[in-house]
Amino acid sequence: MSDFNVNIFKARRAEVAKRMEDNSILVLSSSKLVSRNNDTTFPFRQDSNFYYLTGFQEPDSILTVQSDGRSVLFCRKKNSELEKWDGFMWGPDAAKDHFGFDEAHDISEINEILPNLIRGQKTLNALVGKSLEFDQKVTSWINKANSMERHQGNIDLKNFSNVLGSMRLIKDRNEIDLIRKSCEIAAISHRSVMQKAKVGMTEYDLETMYLNEFKMNGSREASYTPIIAGGKRACILHYIDNNQNIKDGELVLVDAGCEYGMYASDITRTYPINGKFTGEQRAIYDVVLEAHNAACHAAKVGNPCTDPQKTSEKSLSQGLKDIGLLKGSLDEILEKNLYREFYYHKIGHWMGLDVHDDCPYSIDGKEILFEDDMVMTIEPGIYVNDTADVDARWKGIGVRIENDILVKSDGYENLTAKVPVQAEEIEQLMSE
Ligand SMILES: [Mn+2]
């Protein structure tokens, strides 16, 4: 894991302050520990926006950044008794020094101190509408601050989502290094499991192998629950039961990525469990691959971020027509959205601290244009459900191919290129 560098986080807070209007303050909350059942909790995962601006990895914390650049942390008081159970806690004093804040306070004092920081500001910026509990707290702090300044204008509450999201859209050097590493670990892992996969294995056999590879290669956590879908279960987009046998002759669709230094990777491969595609599987696979390649080329600096979507719709429609799964002219197929019978999700998403990165696709009705150092997944798919009006030999085939793309002015870079994608390459790897 890379060493903590306080300057990265201080620079981000300075940048955020620069993007705020004068006399405003940003208030951001950490994640909470989430109960799993009774007295056990899920592993703690810091809120991505909070981490982005602090690097601080504890629950029950609040960050404020003022437009003049001052930043204040509220966190748990150091408690040596609690540390015997739950491990190290920074406490305000040490956190202030290590993480470079101007002030830090015990979180239990927030209702007294925070209204004083807000008081006299024109605007309070927050990520509103995500947590009722946080929104209620923000309202109560604003109320208290307003009541202290009876003769001034009330404080405006503004949603800061697009400002922070736009900033996170362009990855800095440090982020690209971490995403690159996350993608490399995921790619090596996919490659390795693909080589070991055999007829007779269950979906959770494969799941175990992917998670094991992630961990052995330096990533402690998956970036989301892996989808390991044998046969027709590949047509269920969010299938995570992963508890069935994968039968001879079936494809297995694996959508699995890892997290490294808080940054996600996200890869999907679809391969025959016995190592050899059937004619129908191969025909569909090649249509998806062609759409994937075309969509990657559309992720180009200056293009609207929806161009890969349109490109994939066109390419998949043409391919589905070529192999006889759709009838009619290409124009008609596109106009009537007939391809949606087989392609019912979007081409991809921004990726970074979140696997589906918390960044906008359009602002005020204007589409985001691709710029250098944005990261997007490209993941077209074709899914032939039992309900489709097609020849039985096609039914139950589901194929998705997903890579993670770094947008560069001189073309895109496929960060997950280490795992084979051509059908022949996959068959070759599986026969080794
Ligand atoms: Mn994805």
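The following dialogue concerns a predicted model and its folded architecture.

Because the model is predicted, local features need pLDDT of at least 70 and side-chain atom pairs count only at pLDDT 80 or more, while totals for chains, interfaces and linings use all residues. Residues are numbered from 1 along each chain as its sequence is written.

Visitor: Which helix gives the largest share of the side of domain 1 that touches domain 2?
Guide: An automatic or database domain assignment divides the protein into domain 1 (6–167) and domain 2 (170–431). Their contact (C-beta atoms, placed from the backbone, within 7 Å) takes eight residues from each domain. On the side of domain 1, α2 (48–54) and α7 (161–169) each supply at least two residues. The largest share, four residues, comes from α2.

Visitor: Which strands are the edges of the six-strand open sheet?
Guide: Strands pair if DSSP finds at least two bridges between them, and here the order is β6-β5-β4-β1-β7-β8 with mixed pairing. Within this order, β1 (residues 24–29) and β4 (residues 62–66) pair in the antiparallel sense over five bridges, and I25 has Q66 of β4 as its bridge partner. Pairing on one side only marks the edge strands, β6 (103–106) and β8 (156–159).

Visitor: How many residues of strand β14 are buried?
Guide: A residue is buried if 20 or more other C-beta atoms lie within 10 Å of its own, exposed if 12 or fewer, and partly exposed in between, with C-beta atoms placed from the backbone. On one side of β14, I267, R269 and Y271 are buried, and on the other T268, T270 and P272 are as well. Strand β11 (residues 251–256) runs antiparallel to β14 and is joined to it by six bridges, with V254 opposite R269. In β14 (residues 267–272), the buried residues number six of six.

Conventions. Contact = placed C-beta atoms within 7 Å.
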